[in-house]
Amino acid sequence: MKVVLISPDQSELGQIGSQLSAVGNFELTPVQGSNHEVASAVERHQPDVLVVDGVYQESSAFDQLEKTIVANPGMAVILLAKTLTPEFLLHMMRMGVTEVLPQPVNGPALKESIERARQRVVVKKTAHRQGRVVAMMGCKGGSGVTFLAANLGYAVASANPNQRIILIDLNLQGGDAELFVSDGRSVSNVASIAAEINRLDSTLLESSLVRVLPNYGVLAAAQDTHEAFSVKPEHVGQLIEVASKSYDLVILDVPRSVDPVTVKALDRASEIFVILQMTLPFIRDAKKLLGDFRALGYGPAKVRLIINRYEKEPEITIKDVQQTLGMPVYRTVPNSYRNVATSVNQGVPIAKLAPRDPVTKALMEMADALQQNKAVADSKGWLASLTGR
Ligand SMILES: Nc1ncnc2c1ncn2[C@@H]1O[C@H](COP(=O)(O)OP(=O)(O)OP(=O)(O)O)[C@@H](O)[C@H]1O
Ligand SMILES: [Mg+2]
């Protein structure tokens, strides 16, 4: 097992190094350097386990370490730290650090930690990640798809720091999902990924995202119409395939048009959330859309109706909607004009801006329900592997 130990302090490096050599037969490479050298040391030595000794106070140091962790999902990271506040530990957990050990550390404790960390990474690597793919589509423009998709991603990611979430904006002409939850500096997008689809892997995908949380990022749509035309259904298929192998939850913001690109995305989704509002034009369009879905073979097992901007005592009742559309309403999201408008205008997720808003509550409940369904699906898979069914 290859272990790289990095520390700015030569004497500390020697001390920890000799303690480790005394207790285990690791292939140990000591590197003297500060947090700036972490990325290059990892690139050079490709360790199974990285042990970082040093004071991590500045957020720029955190950022660099996090990038290295994200780019090397098969590597375990152990951090040696002098002060362990709960905030620090939570931050490290969010960043994906495998273990944090208090200093001064002794040889046997570090050896145990290295072996444990390695074990965890091996288990994580071999576990077949098959992330869930959820598509969200509106019955009409302005249903609230992008707002709900971007904020549902945030709700799931903030409640589950050990899960990785991606939102892919498939509104190839003029999508702006990243702006709903960030200040939106995107280096890359769906079209630029399509242009180098043969190079696409989890590292390229992760580095193409606009980051919202350490475990949540948005892949922006194409920047101009010309670029959008170059995105073909097979690109979208491959993109979703790679995403579902690297993320626990893939949310697709799908435009309201039934064309080869959107059908490819809908085919790949295990659920389609159809967003509508409680007025006749939405309900009429929902009926048409559900008709198209039936023709494509997407039935009630796959399609879920979400009513957005729901007002108490509506003119049209949920019962009316269910009768007209021949399908149960899965969830409602209340109308909350002021907080939603501020969230959208500032690009700040509503859960962060207004944690007590009823819309935040509805999103958190949806996030929770998604997790519970996931647990049922996972346990079914586990049971099936035992019973062979
Ligand atoms: N629950 C809500 N309460 C109040 N306002 C909302 C709610 N959901 C969405 N909105 C408002 O509706 C507007 C349109 O939402 P959004 O852009 O998400 O719709 P969309 O379906 O993605 O539209 P498009 O078809 O243009 O992609 C948002 O700017 C937001 O202000
Ligand atoms: Mg939209």
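A: Happy to. Before the helix pairs, a quick word on terms: helix axes here are lines fitted to C-alpha atoms over the stretch in contact, and angles run from 0 to 180 degrees between N-to-C directions. Also keep in mind that this is a predicted model.

Q: Good, then how do the axes of helix 13 and helix 14 cross?

A: They cross at roughly 35° and come within 10 Å, with helix 13 covering residues 280-296 and helix 14 covering residues 318-325. Helix 13 passes helix 14 in a right-handed crossing.

Q: And which residues make that contact?

A: From helix 13 you have Ile283, Ala286, Lys287 and Leu290, and they meet Val321, Thr324 and Leu325 of helix 14. By class, five of the contact residues are nonpolar, one is polar and one is charged.

Q: What about helix 11 and helix 12, at what angle do they pack?

A: The angle is about 25°, and the axes are 8 Å apart. Helix 11 spans residues 233-246, while helix 12 spans residues 260-268. Angles under 35 degrees count as roughly parallel, and helix 11 and helix 12 are therefore roughly parallel to each other.

Q: Is the crossing of helix 11 past helix 12 left-handed or right-handed?

A: Right-handed: that is how helix 11 passes helix 12. On the helix 11 side, the residues are Pro233, Val236, Gly237 and Ile240, and on the helix 12 side they are Pro260, Val261, Lys264, Ala265 and Arg268. That contact has six nonpolar residues, one polar and two charged.

Q: Let's zoom out. Which domains does the assignment give for the chain?

A: Domain 1 runs over 2-126 and domain 2 over 132-387. Taken over C-alpha atoms, the centres of domain 1 and domain 2 are separated by 36 Å.

Q: How many residues of each domain are in contact with the other?

A: Seven from domain 1 are in contact with six from domain 2. On the domain 1 side, helix 3 (59-71) and helix 4 (86-95) each supply at least two residues. That side of domain 1 has five nonpolar residues, two charged and no polar ones.

Q: Switching to ligand 1, which residues come nearest?

A: There are 19 residues around ligand 1, and the nearest are Gly141, Gly144, Val145, Thr146 and Phe147. Helix 6 (145-159), strand 12 (303-310) and helix 15 (337-346) are the elements that give two or more residues to this shell.

Q: Which element gives the largest share of the shell around ligand 1?

A: Helix 15 does, with four residues. As for residue classes, the shell around ligand 1 has 10 polar, eight nonpolar and one charged.

Conventions: Residues numbered from 1 in each chain as written. Chains lettered and ligands numbered in written order. Predicted model: local features only at pLDDT ≥ 70, side-chain atom pairs only at ≥ 80, totals over all residues. Domains from an automatic or database assignment. Contact = placed C-beta atoms within 7 Å. Nonpolar A, V, L, I, M, F, W, Y, C, P; charged D, E, K, R; others polar. Near = placed C-beta within 6 Å. Parallel < 35°, antiparallel > 145°, perpendicular 65-115°, else oblique. Left-handed = near helix turned anticlockwise from the far one by under 90°.
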